[in-house]
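Here is a walk through one protein model, taken spot by spot. Keep the viewer open and follow along.

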Amino acid sequence: MAQINFLPNSINQKSPNTSHFIIWVVLLLFVLLVFFAKTASGAIIQQQQCLTCPENIIATVDPNMCGANVTFPPPNINGCPTSATLTFSHPSGTFFPVGKTTVTVTASLSGQTVGQCSFTITVIDNEPPKITCPTDIIVNNSPGQASALVNFPSPRAMDNCGINRVVFDPPTGSLFPIGTTTVSLTAFDTSGNRAACFFRVIVLDQEPPRITCPANFTVSTSAGTCSAKVVYPAIEASDNSQFTSVTYLPPSGSFLPLGTTVVQVTATDRSGNTATCSFSVTVGSGEPLKINCPADILLTATNGQCGMVVNYPTPTVNNACEGVNITSFPASGTFFPLGTTLVIVTATDLTGAKATCTFNIKVNSSQPPQLACPEDIKVNTFGEDCAIRVDYPSAIVTNGCLDTKIEYSIPSGSLFAVGKTPVTVTATDLAGNKSTCAFIVEVVGVPILRLRVENNNLPLIFGPTSARSKPKKLSLFRMFELENIGCGPASMLFASMLRLGDDVDNQRIVNTDDRNLFIIQAGSPDRSGQRIDMGSNIVLEAKEKRTFFVLFQPLIPPVSDNIENLSAREVLPQALISRFTITQEATPPIEIPLVGKVLTEVKLIDPLDPRRAPKVSFSRNGDIFTVEFSVYDSNLDVNRATFQFFNSNGQAIDQAITVNLTQALQESRLLRGQSFTVEQQFTGASDHLEYNKVQVTVFDSSTSATAQSNGLTNITLANPLVNSSENKIVLPVINLVIPNY
């Protein structure tokens, strides 16, 4: 603002109040000048006349958008400082919605507005909605109506700015008549644009007319004729739309012949639907039908024939009208067998009236029938029933007299007992002549073995029990029963008692005979029972039943000479599986699985004869003591042995020496349940001349066994218990000078 300098008082000087008034007037004029710089429409009057906006812009929406991206020219700068910054309330090229938008442009310098103007951008929505009509709708008419109520599916309409409303014409839920009606669908958007499509509603008339025919009725022929002119009663017909026509076949007023005529009635509506019904018109003559048969006929067949062809006169009727049907059974000209045949004649006119008569034709013969019997029949029984039903072929009359009566002394399908039964057949022809023949029916009884085991459980399980060195008087036993439920004697072979299992499958055990461990007895399970050896034949008569006992005696096996190609009696494991087999002729064998369970207690044995007392060998050869002993353990879990030495007075010397057998057994190829010999050598015998006996104790996981040698044997060479080295466990040598314990 320019500075105002006041002059000193002079003649023209105003009073102070007047000066203040002038100043306020000047300020007021300045404010009014700024105020009127604005335009009446709200646009800012260009300050200092330096900024001019473009003209107002009108644009249309972009496709599928509710607005448009609008680019406008920059304003004209008519004197604003070149360093002034322009800002836009809505930048050029941005999205403008449908309607009018004011764009304000401001020029500023150092934070102060130096110029401003505005203009409008109007976006017009001229894009109509997108609409998809339903497909044509096809419905049937409502029952009993000539129209149908139809609801349309929801319309599918879209718009860039939104749908205002959708209008069906006619509206959904309207009644549509039979036929085709075009429906318009119009969609309006929020800007007043519209789009329309059309579809059809087709109402089909699938409902046939309803028709009721008159009841069947009867009329009589006109005098002297075989027909009658018939006019039908009116029918009852209706339809949901418009009934059109009714036709008769044959037409009403036609001449109908004698008998029954079925009249077909057809009603057709305007849509071509039809309904039919029928009724019968019977035209009668009014006179009862009568028929006359010929007299009975008597004939004789010649040359041994079983009958003859007979032609007889045609019966007569009293009805003059055509259409009377005469049937005879048997017909004239057919073959009549020996004996008397009744002929039935029936006359039927076209009205359905019937009349019948009968007569007899008798054919005689003096030659008896020729009869051939079936061959003798041999059948086997099956199941438990020994009386079997036997069907056999019919005897044959060889001279062709099929009507000959054949009688059997025992009818086919009767029950026949085991054995031979004669059957006599008698043939009698219709003339009374007879002949006979006979054949034999033989029923052979077939045995059927049924096995029952104790408690109905297989396999038969024994034990667990201790392995023995000698058989006891009463062994563990289980029982089974064999019954011949068939009708003939059953011959059985107690074939085998064979070991099963992995050791057999891998051929470590090649002789699988287990008869030394399992014994079969009959009558009693103790030693008084009858022992049945393998290979024995047992015969059970029909319906006979016998009880057998399987005894389990687990005998300790001796030490084998080898560990290959063993026999079952050389291996007694903790659980052994055998199979007892009984064979029969022409039938599958009976197999009984057996499982013997042996306790796992360890035992010291005589390696050659386990029935004797255990044997421990103690010998000296130079500076070496050799101890040998033999062991049986069903599960082969022996883990250690102790050696206690004694002097000649029976006093224990030094501490017992313990050796581990686990690794040595694991490295051996012994089978579970196989007896074996252990050899233990000690060096330092020259320093222990006081040793006279040795006591050996062996241990498994839960038990132990002890045996003592008889004395010390001084020999040049060791005296082994067994000669074979394959089943001998040779332990590392122990130095008695420095005992390893």
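You'll find Pro75 in the loop between strand E3 (67-70) and strand E4 (76-77). Helices (H or I, at least four residues) and strands (E, at least two) are DSSP runs, numbered from the N terminus.

Before going further: this is a predicted model, where local features need pLDDT of at least 70, side-chain atom pairs count only at pLDDT 80 or more, and totals for chains, interfaces and linings use all residues. Residues are numbered from 1 along each chain as its sequence is written, and side-chain values use heavy atoms, with hydrogens and water left out.

Setting aside neighbours within four places in sequence, Pro75 is in contact with Leu51, Thr52, Cys53, Pro54, Leu86, Phe88, Val105 and Cys117. Contact here means heavy atoms within 4.5 Å. Take Val105 from that list: Pro75 and Val105 are 30 residues apart along the chain, yet their C-alpha atoms are separated by 7.9 Å.

Leu86, one of the contacts of Pro75, sits in strand E5 (residues 85-88). Leu86 is partly exposed, because its relative accessible area is 31%.

Together with Ile77 and Phe88, Leu86 makes up a nonpolar patch on the surface, and the three share about 230 Å² of accessible area. Patches are built from residues with over 30% relative accessible area and no salt bridge, joining like charges within 9 Å and nonpolar side chains (Val, Leu, Ile, Met, Phe, Trp, Tyr) within 5 Å. A salt bridge is a side-chain nitrogen of Lys or Arg within 4 Å of a carboxyl oxygen of Asp or Glu. Accessible areas come from the Shrake-Rupley method with a 1.4 Å probe, and for residues only the protein chains shown count as cover.

Ser147 is in strand E11 (residues 147-150). With 16% relative accessibility, Ser147 counts as buried. Not counting residues up to four places away in sequence, Ser147 touches Asn141, Ser142, Leu175, Phe176, Pro177, Ile178 and Val203.

Now jump to Val281 in strand E24 (residues 274-284). Val281 is buried, with a relative accessible area of 0%. Its contacts, again leaving aside neighbours within four places in sequence, are Phe217, Val219, Val230, Tyr232, Leu256, Gly259, Thr260, Thr261 and Val263.

Four strands form an open sheet in the order E26-E32-E31-E29, and the pairing is mixed. Strand E26 (297-300) and strand E29 (325-329) are the edges, each pairing on one side only. Neighbouring strands of this sheet are turned by 20° against each other on average, direction ignored. Two strands pair if DSSP finds at least two bridges between them. Axes are lines fitted to C-alpha atoms, for helices over the stretch in contact, and angles run from 0 to 180 degrees between N-to-C directions. E26 runs parallel to strand E32 (residues 354-364), with four bridges joining them, and Ile297 stands opposite Ile361 in E32.

Another open sheet has five strands in the order E42-E52-E51-E44-E48, with mixed pairing. Its edge strands are strand E42 (460-465) and strand E48 (536-540), each of which pairs on one side only. On average, neighbouring strands here are turned by 25° against each other, direction ignored. Strand E44 (residues 490-500) and strand E51 (residues 575-584) run antiparallel and are joined by eight bridges; Leu493 has Thr583 as its bridge partner in E51.

How many of the nine residues of strand E55 are buried? Eight are, so strand E55 (residues 624-632) is largely enclosed by the rest of the structure.

E55 has several antiparallel partners. Strand E53 (residues 603-605) is joined to E55 by three bridges, running antiparallel, and Ile605 has Ser630 as its bridge partner in E55. Strand E54 (residues 616-621) is antiparallel to E55 with six bridges, and Val616 stands opposite Phe629. E54 and E55 form a hairpin with two residues between them, and Gly622 in the turn has a positive phi of about 70°. Eight bridges connect E55 to strand E58 (residues 676-683), also antiparallel, where Thr626 stands opposite Gln681.

Terms used. Buried < 20%, exposed > 50% of the residue type's maximum accessible area, 1.4 Å probe, protein only.
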